[in-house]
Amino acid sequence: MKMQGILQLRSISLSFGSEPIIQGLNLTVQPGEIVALMGPSGCGKSTFLSALCGLIPEQFQFSGEVLLGQQNLTQLPLAKRQVGMLFQEDLLFPHMSVKGNLAFALPQGLSRHERHHQVMALLDEVRMTALADRDPATLSGGQKARISLLRTLLAKPQLLLLDEPFSKLDQVTRSQFRQLVWSYITRYQLPTLLVTHDSADIPGHCSQVIQLPYLGSTLC
Amino acid sequence: MSLALLSYRITQLVCLLPVTLGVVGTLLPSFGYFPVAGFHQLTGNYYEMFWQAPGLSSMVMATLVSGSLAISISLLLTITIFSVFYNSSSWKIWRNFLSPMLAFPHAAFALGVMFLVTPSGWYARFLALFFPELNSPPAWHTVHDVYGMTLGIVLGLKELPFLMLMALSACNQVNVSQLLRVGQSLGYHPIYVWLKIIWPQLLPQMRLPIIAVIAYSFSVVDIARILGPTTPPTLAVAIMQWFSSEQLEQRLLGSAGAVCLLVLTGVLMVGWLALEQWLVGKDGRCLINGIRSRLSLGWQWLAHITQWLVWGVWVTAVLSIVLWAFSWRWRYPDFIPSEFSLKVGLRYSDKLLSLLETTWFLALMTSVIGLLLVLGLLEAKKAQQRYALSWLYLPLLIPQVSFLFGFQWLLVSFNLDGTWTGIIWSHLIYVIPYICLALAGYLKHFDQRYLTVATMLSGRPRYSYWRIKMAMLLWPISFALAVGVAVSVAQYLPTLFAGAGRVSTLTTEAVSLAQGADYRVTGIFALAQLVVPLITYGCAFLMPYCIYRRFSMMRI
């Protein structure tokens with residue numbers, strides 16, 4: 001098991017026009033640790049995660065430093081940040097099969113056979129080999145969520161960002177999927193930032209919960 | 001400079017330079033300044049000559065009647081079809097056939113209608129089945145009529161699919177189903193909900209397409225040559241004749257006429273804007289008079305009859321082209337040819353193949369270049385703001401004859417007249433705006449998070465762009481490419497001006513054949529002109545279907 005780096009946020013500020021959302025935030029997330037960001041809809045939670053990926057919407061201003069292990073991510077383009085992100089929607093590519101979606105996350109330079117083997121091995125591990133050739137649109141919500149998670153992990157990210165990935169699932173699937181995500185975070189020792197508006201999504205072992213205020217009042 | 005910004009700048013250059021310099025290059029000769037031909041004296045004489053041109057009032061009258069008929073018919077039919085048939089069983093047919101109708105080249109459609117309505121046309125042959133007195137062709141002035149009424153009707157029918165597609169796109173900005181529910185809950189018949197609530201919101205959104213139809217209808221040359229009045233012709237056709245004259249002074253007269261046509265079109269556009277304000281102005285009297293369902297049954301009947309008439313004209317126009325193309329002997333008053341043959345087609349096969357090759361080459365080159373430029377320009381940040389791309393549609397708002405003469409001189413000064421580069425450039429001016437119209441909505445509504453996820457997973461932004469974004473948008477992209485091909489195939493005046501008479505396409509040939517050639521030959525060329533965009537549209541639908549038939553979210 002490869003040990004991941006520590007995520008450090010230094011003097012992070014995010015504002016919407018002249019309205020500050022976050023000011024001077026300092027945060028350290030250890031490998032395998034989960035930090036949750038809570039707040040009402042529209043308070044800027046998802047924008048904050050996007051900003052950590054280097055994707056800052058036009059009306060927003062972002063400053064501060066994002067460090068992952070020894071690497072400063074602040075100026076790196078998205079493609080080089082080695083960040084994995086799960087959204088509310090599964091965002092499985094609709095023009096690829098389940099196998100194609102997973103293979104897309106594998107590194108360059110692998111032969112066709114190696115790609116097939118790695119994808120099938122992963123699907124076998126989660127007992128989903130029967131889904132390999134399926135159209136993603138035909139999967140259940142829970143299956144889509146799991147494939148989306150596996151796809152993210154296959155790319156071997158150094159940091160995991162979760163943008164309300166449980167909110168669209170039904171009660172039973174939601175609980176099962178949460179357990180699966182927590183187990184993978186522990187297994188791969190990924191520093192993780194979880195954004196949610198539902199306290200039930202926050203795991204018992206979550207080390208820190210940061211409450212984001214309504215847009216207009218500021219988090220320092 | 002990023003690739004997107006570079007595309008943005010190149011597109012600006014490609015679309016705006018010909019229009020701006022073209023207008024200047026038409027304006028200066030109209031005042032007697034035309035140094036290449038030895039005219040250096042600024043004078044207003046050519047405007048005087050224009051005002052004294054024989055038959056000017058008839059030309060203006062024919063232009064006004066045909067143009068007004070065209071815009072009225074296309075707009076009223078669009079309003080009626082949406083108001084009466086929205087989400088009905090007929091609606092599916094309309095939606096499915098809008099793209100092929102749009103792809104139908106103007107000249108081919110005009111030739112098809114000509115085969116129907118001439119005194120010896122298919123409609124007269126049909127009537128002759130029931131009325132023996134029609135056993136010899138009647139003396140009807142159904143084509144080349146003095147006021148250009150047939151021209152106006154045909155233009156109106158041809159512009160109908162364009163306005164309907166634009167209305168469909170405008171419907172995306174308005175919650176039609178919700179408005180229909182709210183209106184009906186207040187006791188309004190659906191037709192009145194459309195007329196009083198939905199159309200007042202759609203019309204301002206369709207301002208640009210309507211103005212484009214006005215500009216086109218009042219300055220059209222190809223259809224006017226096929227169906228319009230001849231002595232004197234419409235103003236745009238007369239201007240073209242002056243431009244084509246060997247006497248250089250006539251060309252200056254043509255410039256003066258082109259400037260006057262530009263002013264006339266401008267006045268008509270302002271007139272439409274005023275009418276639109278009056279029609280949909282806040283709390284307009286007819287909007288709040290409380291009438292909820294008066295004559296709605298009559299409207300429905302009228303709409304059904306009109307719908308069948310429109311479909312009838314379109315279907316019979318296509319059939320008449322096919323029949324003439326393969327007929328060998330078709331004497332009047334026979335309803336169908338007495339003998340079919342491929343002889344005519346085979347006799348002209350060499351010429352047809354060479355024209356097909358030229359037309360395909362031009363259409364594909366123009367569409368691919370146009371598509372790449374539009375894809376790039378739509379990614380540019382500058383293009384994301386509202387109205388940021390308004391300049392792109394400028395060529396559609398200016399009569400072709402009012403700037404193509406000036407553009408020709410721009411090409412001459414760069415030694416580009418009569419070259420492929422020159423002709424492709426002249427087609428791009430029109431192909432780019434239509435590709436942009438076809439594609440902009442899809443690119444705007446694409447969920448960028450797919451690209452974010454793909455870039456995170458692969459670590460390769462360009463690979464992700466092509467493999468995910470472009471692949472997911474394959475259907476709209478191939479559709480936009482087909483639109484580009486159809487627009488390029490239909491270009492008549494740009495090919496004539498930029499080609500300097502050295503390059504012929506199926507369209508230029510079909511239009512010249514319409515003036516007196518054997519109907520069987522004209523039919524063959526009209527059919528060939530029809531085949532190019534229809535094959536392209538077929539491929540545009542089939543290719544994504546074959547590639548993605550397994551994936552339900554990718555189905556059309």
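Predicted model: local features only at pLDDT ≥ 70, side-chain atom pairs only at ≥ 80, totals over all residues.

Colleague: Is H22(B) mostly covered or mostly open?

Modeller: Mostly covered, with 14 of its 17 residues buried.

Colleague: OK, zooming out. How is chain B split into domains?

Modeller: The domain assignment gives domain 1 as 1-35 + 342-556, and domain 2 as 55-341. Their centres, taken over C-alpha atoms, are 24 Å apart.

Colleague: And how many residues does each domain put into the contact?

Modeller: Domain 1 of chain B puts in 43 residues and domain 2 of chain B puts in 47.

Colleague: Which elements give two or more residues on the domain 1 side?

Modeller: H22 (474-490) of chain B is one of them, and the list also includes helix H1 (3-30), helix H24 (506-514) and helix H25 (519-548) of chain B. H25(B) has the largest share of that side, twelve residues.

Colleague: What's the make-up of that side, by class?

Modeller: The domain 1 side that touches domain 2 of chain B has 29 nonpolar, twelve polar and two charged residues.

Colleague: Switching to cores. Which residues have the most contacts inside the largest nonpolar core?

Modeller: Leu111(B) and Ile435(B), in a core of 158 residues. Helix H19 (residues 420-445) of chain B gives the largest share of this core, 14 residues. The core also draws at least three residues from each of domain 1 and domain 2 of chain B.

Colleague: What is Ile435(B) in contact with, leaving aside neighbours within four places in sequence?

Modeller: Gly370(B), Leu371(B), Val374(B), Ala480(B), Val483(B) and Gly484(B).

Colleague: Where's the second core, then?

Modeller: That one is separate, has 60 residues, and includes Ala36(A), Met85(A), Phe93(A) and Ala145(A).

Colleague: Onto chain A. How many residues are in contact between the two chains?

Modeller: 18 residues of chain A are in contact with 20 residues of chain B. On the chain A side, strand E6 (residues 83-86) gives the most, with three residues. By class, that side has 13 nonpolar, two polar and three charged residues.

How values were computed: Residues numbered from 1 in each chain as written. Chains lettered and ligands numbered in written order. Domains from an automatic or database assignment. Contact = placed C-beta atoms within 7 Å. Helix = DSSP H or I, 4+ residues; strand = E, 2+ residues; numbered from the N terminus. Nonpolar A, V, L, I, M, F, W, Y, C, P; charged D, E, K, R; others polar. Core = buried A, V, L, I, M, F, W, Y, C linked by C-beta atoms within 7 Å. Buried ≥ 20, exposed ≤ 12 C-beta atoms within 10 Å, placed from the backbone.
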